[in-house]
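Hello,

Here is the structure I promised to pass on to you. Please have a look at it first, and then read my notes below.

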Amino acid sequence: MSTDANNEAELPSLPKLLASLALGARSVNNLPIASTPSSDDDGSTGGEEEDDEFAFRMSLPEFASLNNEARQSLTSLLCKALEGTAHLTQHQQQMDDSGDGDHAYEFDDPELWERCADACDAVLDRVTSYINKYNSGDVENLVDVIGAVSAQARNKASNSYGRMIQGLASMEKPQNIFQGFVTHPPQNSRGEPFVPIIFDADKQALLDRGEFNRDGHGLDSKNYSGDSNNGNDVDITRRKYAPDMVAPNHHYGHPYKEEIDSLEYRPWQLDVSGIDSNDDEKIAEQAKYKNTGDNGVWIDNEDDLSELAQRITQGQLDGEINEISLDLEAHSHRTFAGFVCLIQLSIRRPEKNNADSSGPPDISSGYDFLIDALTLRHVIPAHLGPILANPNIVKVMHGADSDIPWLQRDFGCYIVNLFDTGRASRMLSFPSAGLAYLLRKYAG
């Protein structure tokens, strides 16, 4: 048998490779490891059964698609890593001579795995040489050498991902820049209860008097059923909580629980007359009046935010604005609990938009708004809080499971009268609960 054939025969099959990766992940994370399969009489360890299991799963389109995506992603990452280590191996000269620096490998290509092995050996040799030089006194400070090599590697990071990582690493923490994090700092402690931020003076007074105080950490009553057994609410999730769990010994009740429980939907919300989801002519007619291009209004100062809040409030009183739509963007980079960075707010457009389109929209004429939630963190509660708690304004959101606690946590904004299109889609058993599907179905 030839050498190439031997090398190819020694390459691990994909099932064995994935099994090895899973074993390594469990070991690193100290997870329980399944018992090793017993060997057969011929010394085999059930590899054929693993291959049969994998072949069966590959017959499923969903699994095959995910498997192919994983193979492509892993291959791409390996090729990127080889580009960074090519100067350490003999393959650099070959790539320079052939001019094929962007050579693309397949996952099962023996040359790919051969070069990966060579790269690992080269990196190990380089580290060993540094250690030997340090031990022999040729290098006075190993830390400086490693730092120089690291700086060189960073300089070679020319792709977009590398630049993004560099920018994040050198970016100042928003908590140290924006005023809102001084007056409303993130509450990151697991041992202390979350203290609600309340814009309403009357409710703040109730909070100060301890009217919202509740015993216990609150997790056991978070998903209560509403049924009472001897006066105690029943947790529908039936979770078990460890007695030594790190958690506060008391918590605060929802400041707007009474308003939400007593909410009566407005008659116009339940009026479905004239609505036909299959009215293709109406959808086509509405499509004629779609605004195109970048027509959002950026809000990053309190005066503009106040003007927007006044427009919505007055519009509701005049019967012109009965609903708004919301979406939030948050991240948890360099913060324990995370925080909201951007609020997207839209007002319903008229069926026929007769607004002057000669110039960019402003707060008085626009319908889509992007609110800088970092700069305006400390003033959002006063301006948007009353609107979100107003039961006469429906707040339309899609998949608000995270957005609701984010609004409460960062701004003390509590939503009364919510319509979640994601939950409605699931309740109606639509083929998809995604926003893209709903837009295609109802907005053309």
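Let me start with Thr75, which is in contact with Tyr105, Glu106, Phe107 and Leu112, leaving aside its neighbours within four places in sequence (contact means heavy atoms within 4.5 Å). Thr75 is found in helix α4, residues 61-85. With 7% relative accessibility, Thr75 counts as buried (buried means under 20% relative accessible area, exposed over 50%, and partly exposed in between, with a 1.4 Å probe and protein chains only). The side chain of Thr75 also reaches the backbone oxygen of Arg71, at 2.7 Å.

Before going further, some background. This is a predicted model, in which local features need pLDDT of at least 70 and side-chain atom pairs count only at pLDDT 80 or more, while totals for chains, interfaces and linings use all residues. Residues are numbered from 1 along each chain as its sequence is written, and side-chain values use heavy atoms, with hydrogens and water left out.

Now the overall picture. The protein has 17 helices and ten strands (DSSP runs numbered from the N terminus, with helices being H or I of at least four residues and strands E of at least two). Of its 444 residues, 26% are buried. Among contacts between residues at least 6 apart in sequence, 66% join residues at least 24 apart.

Strand β6, residues 323-331, has two partners to look at. With β9 it pairs in the parallel sense over three bridges (two strands pair if DSSP finds at least two bridges between them), and Glu323 stands opposite Val394 in β9. With strand β7, residues 339-347, β6 runs antiparallel, and eight bridges join them. Here Glu329 stands opposite Leu342 in β7.

Two asparagines in loops come next. Asn390 lies in the loop between α14 (380-388) and β9 (394-397), and it counts as buried because its relative accessibility is 18%. Asn390 touches Gln316, Lys395 and Val416, not counting residues up to four places away in sequence. A polar atom of the Asn390 side chain lies 2.9 Å from the backbone nitrogen of Asn392. Asn390 and Tyr414 are 24 residues apart in sequence, and their C-alpha atoms are 9.4 Å apart in space.

Asn417 sits in the loop between α15 (403-411) and β10 (418-420), and at 3% relative accessibility it is buried. Its side chain makes a polar contact with the side chain of Gln269 at 2.9 Å (a polar contact is a pair of N or O atoms within 3.5 Å; within protein, one must be able to donate a hydrogen and the other to accept it, and residues adjacent in sequence count only if both atoms are side-chain atoms). The backbone oxygen of Pro391 lies 2.7 Å from a polar atom of the Asn417 side chain. Not counting residues up to four places away in sequence, Asn417 touches several residues, including Leu263, Tyr265, Ile393 and Val394.
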